[in-house]
Amino acid sequence: MKNMKGFTLIELMIVIAILGILLAIAIPAYSDYTVRARVSEGLNVATATKTGVSETRLSTGTFPTTNATAGVSTTITSTYVSGVTVGAAGTILIVYNAAAGKIPELQAANSIILVPTFTNGTVRWECNTGSVVSKFRPARCRP
């Protein structure tokens with residue numbers, strides 16, 4: 001008889017089963033990373049606003065209450081962010097838009113609120129409030 005080379009059907013089925021298990025684990029994890037990237041974009045878009053709020057607090061002694069008093073644009077948007085707004089006591093509201101809602105866990109109108117505190121001449125930011133699910137926030141923004 002000839003010496004046959006190749007894989008048996010059982011070996012191929014085992015490889016396909018292993019690949020299926022790996023994909024079943026990888027796809028949800030990749031989806032979570034995609035949502036986290038969209039949330040991070042909102043925090044990056046708010047960087048200039050954070051700087052404006054901090055500079056206003058340091059120069060005037062009080063936190064601004066609007067984008068105008070913070071010295072930033074009133075229309076701050078991006079692909080996944082519908083707006084960045086300065087509110088009472090210098091808080092910054094980042095609201096995500098419908099484009100971010102392509103992933104069900106991050107629907108439009110979800111938000112993150114950045115809260116400033118002033119101690120020892122430094123403005124520090126907390127971002128553990130808002131309606132974005134905790135697992136999709138950056139590590140520093142989780143409660």
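User: Leaving aside neighbours within four places in sequence, what is Thr 56 in contact with?
Analyst: In this predicted model, Thr 56 is in contact with Gly 61, Thr 62, Pro 64, Thr 69 and Ala 70, once neighbours within four places in sequence are left aside.

User: And which element is Thr 56 in?
Analyst: Thr 56 is in helix 2.

User: Buried or exposed?
Analyst: Thr 56 counts as buried because its relative accessibility is 13%, and the cut-off for buried is under 20%.

User: Which other residues of helix 2 are buried?
Analyst: Besides Thr 56, the buried residues of helix 2 are Thr 49, Gly 52, Val 53, Ser 54 and Arg 57.

User: How many residues does helix 2 have, and what is its reach?
Analyst: Helix 2 covers residues 47-60, which is 14 residues. From first C-alpha to last it reaches 20 Å, close to the 20 Å expected at 1.5 Å a residue.

User: What happens just after helix 2?
Analyst: Gly 61 sits there, with a positive phi of about 90°. Gly 61 is also one of the contacts of Thr 56.

User: Changing topic. Where is Glu 41, and what does it touch?
Analyst: Glu 41 is in helix 1. Not counting residues up to four places away in sequence, Glu 41 touches Ser 78, Thr 79 and Tyr 80.

User: How accessible is Glu 41?
Analyst: Glu 41 is partly exposed, as its relative accessible area is 22%.

User: What separates Glu 41 from Arg 57?
Analyst: Their C-alpha atoms are separated by 25 Å, and Glu 41 and Arg 57 are 16 residues apart along the chain. Arg 57 is among the buried residues of helix 2.

User: Now the largest nonpolar core. How many residues, and which have the most contacts inside it?
Analyst: That core has 23 residues. Val 39, Val 84, Ile 92, Ile 94, Tyr 96, Ile 112 and Leu 114 have the most contacts inside it.

User: Which elements give two or more residues to this core?
Analyst: Helix 1 and strands 1, 2, 3 and 4 do. Helix 1 gives the most, with four residues.

User: Which nonpolar residues form a patch on the surface?
Analyst: Ile 10, Ile 14, Val 15, Ile 18, Leu 19 and Leu 22 form one, with about 580 Å² of accessible area together.

User: Where is Leu 22?
Analyst: Leu 22 is in helix 1, which runs over residues 9-45.

How values were computed:
Residues numbered from 1 in each chain as written. Predicted model: local features only at pLDDT ≥ 70, side-chain atom pairs only at ≥ 80, totals over all residues. Heavy atoms only, no water. Expected span 1.5 Å × (residues − 1). Buried < 20%, exposed > 50% of the residue type's maximum accessible area, 1.4 Å probe, protein only. Patch = residues over 30% accessible without salt bridge, like charges linked within 9 Å, V, L, I, M, F, W, Y side chains within 5 Å. Areas by Shrake-Rupley, 256 points an atom, 1.4 Å probe, with all protein chains shown as cover. Salt bridge = Lys/Arg side-chain N within 4 Å of Asp/Glu carboxyl O. Core = buried A, V, L, I, M, F, W, Y, C linked by side-chain atoms within 4.5 Å. Contact = heavy atoms within 4.5 Å.
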